[in-house]
Amino acid sequence: MRTATIQKSDLGKAIDLLVQADLRVIAPRLQPRLEEDGPDAIDVLTLVEVKSGENHQVGEGLLPLNGVKEFLFAKHEPLFAYEKRGKKIDIIPVHHEYPRTVIVGVRPCDAASIASLNAVFSDANAGFEDPFFTRRRERTTIVTYSCTAPDASCFCTSVDLAPDSSRGSDLHFTEIGGDLIHVEVLTEAGEAIANLLESLLEGEGDQQQREKAGAAVKEKLTRIRDAAPIKDWLDNLDNFDDEMWERLGEKCIGCGSCTFLCPTCHCFDIVDENKGSKGYRVKFWDSCQFDHFTLHASGHNPRDWQYKRYRNRFNCKFKIYPEKFEQQGCVGCGRCIRGCPVNLDITEYMAEVAAKAAG
Amino acid sequence: MIEQIRNQARQLLENGEVDVVIGYAEGSDPTRTTPVFVRKPEDVDRLIYDARCINSLPLYLNKRHEYTKKGWKKTGIIGKGCDIRAITQLIAENQLRRDEVYILGVPCEGVVSHFEKWDGSLHDGNRASKCTDCDVMIPLDTDFFPGEKPEVDRSGPYKVTSPKVANLMGMENDQRFAFWRDDFDRCFKCYACREVCPHCSCNVCITDETTPSWIDPAAHKKGVFSWHLTRAMHLVGRCTGCGECTRACPMDIQVDLFNQRMKEIVQENYGYKSGYSLEEKHPLITYKVDDREDFIK
């Protein structure tokens, strides 16, 4: 596939072109803290639908609070409606919209997470497909943007990614100095977007310059862990009862922030929202960090302490995911570290395991 | 100051007077601190105290938490004034006995509102709003305090600390509703606001109840609004204003604005401030014959 360049100052025009092509455009947008919000408020960067290129932060800031997850795997979703008539129950389909969507300015860690979600929601081995996810995925194009300023919580290089990775991307942007952005077209879906932006694209991109820019940012990462020995160490079932789990995990308060922020966490629950004789069956996000997540009807709870729930989360990322889905469970975005109210840090577990594995 | 705290903690652990001292330690990066459970006298040097010590540790004393099942007879806890108010409130609500806890008070000069805002010092740009006009920087009820405790006038009424509250109250209803609708749009119902709260004491939270399901668990508008409004109502007269719900919110929604306004209403109507007295019950679980409402007489 081809390469090109685009001016950073033309990104707003690029968004306008995509909007004019009747695409739903999702981009990072900053809601800055105002003086009247008081000192407890902070700037909020989120991925939101934008209707024009006037107000966007593509390439600015680091990571939006929400990832691309909620645009593929909805926070809540009615599966169908039902109505009881005597002993009979009518099932009424619910109409879902799947607009053609392009998400612009996705960071490489978030883009890489899509394959992990996809493995769960369209599991070829199990022959199962979640049509809500896969239809959205099919109609969504991902335009990634290499990071320029990773923060202290970023650790993508520890999990086989980099600030300029293009895994999971359709069209990839990398700043190469001045106002210039290197553009790589990676898939046919990416080519379709590139064609819409043709009037703003120029010539060929300099691949060498792009590699150099990416490598320079990689140098800025400070949180580096060795993830290689983790899987083997977790495979040894003796380590399931290692003293480390309780020692590191006892401060965890089970709030679930890490799982909701995580771009690869995908657990959900299904309930009937009933009103009289009718209602909706609704699917919505759930978390393995909640004490009732594994609570049995008998009252027994196999994960009866919070540290065991966190042990499950760590195992899910570094053992279950690679084993069951042949995908990475953690993309190193660092959201769980930034968002944790008690500073429970997944990379501390990673370091501890690596040290234990080394003996 | 921290040396005196460490020495006292060491002695308490050596004498077996407490099973554990809950305090703050350095976090996993320089801007952060983390709660720590110190069990051995030789580990007391991990304890620190500075303006990054944001967490309200009394949440670990709440009986809802598993830590209280560890068989600790007496827990030592390091507290700044506002945290000690939370302990006082827990005791006043019979969630904790005074003799189950040994309070190591620290003189506080304010804390940052978010770890992200720490730039090496505390200043007007990063100080949490609750620290403005705080009257418990010298804490109230302590078992140990480094140095003399000067007399402090704490008779003043509760005042909301965030300018955003007045700003919201000045809005028309539909404007105010629009503000919350937009902010709540980010909520995914992780319940971090509940889990960090020292006063959320229910064994089974109303939002987790399924028969019947009082609050829709899904994060749609109805589920989100009913959760946050219920949470605010359940804390009326009890919230001690640590602000942890806002700080812990991973989507940066200022949920404690509700609590601040509720405290103002309770102050206006009942002259009550939570967390200042072990004996005085909060207004919503008691009554007085001179109540201004007729129906109770």
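So, what share of the contacts in chain B with a separation of 6 or more comes from residues 24 or more positions apart? It's 70%, where contact means C-beta atoms, placed from the backbone, within 7 Å.

Quick housekeeping. This is a predicted model: local features need pLDDT of at least 70, side-chain atom pairs count only at pLDDT 80 or more, and totals for chains, interfaces and linings use all residues. Residues are numbered from 1 along each chain as its sequence is written, and chains are lettered from A and ligands numbered from 1 in the order in which they are written.

Okay, chain B. You get 8 helices and 4 strands, as DSSP runs numbered from the N terminus: H or I of at least four residues for helices, E of at least two for strands. From the N terminus, the order goes α-β-β-β-α-β-α-α-α-α-α-α. The radius of gyration is 20 Å, close to the 19 Å from the globule rule for 297 residues, so chain B is as compact as a globular protein of that length. That's over C-alpha atoms, and the rule is 2.2 Å times the number of residues to the power 0.38.

Now the interface: 38 residues of chain A are in contact with 43 of chain B. Among the elements of chain A supplying at least two residues each to that side are strand S3 (44-50) and helix H9 (257-261).

Last, chain A has an open sheet of 4 strands, order S5-S4-S13-S12, with antiparallel pairing; pairing needs at least two DSSP bridges between two strands. The edges are S5 (88-93) and S12, each pairing on one side only. S4 (residues 76-85) and S5 of chain A pair over 6 bridges, and Arg85(A) has Lys88(A) as its bridge partner in S5(A).

Notes: Two residues are in contact if their C-beta atoms, placed from the backbone, lie within 7 Å.
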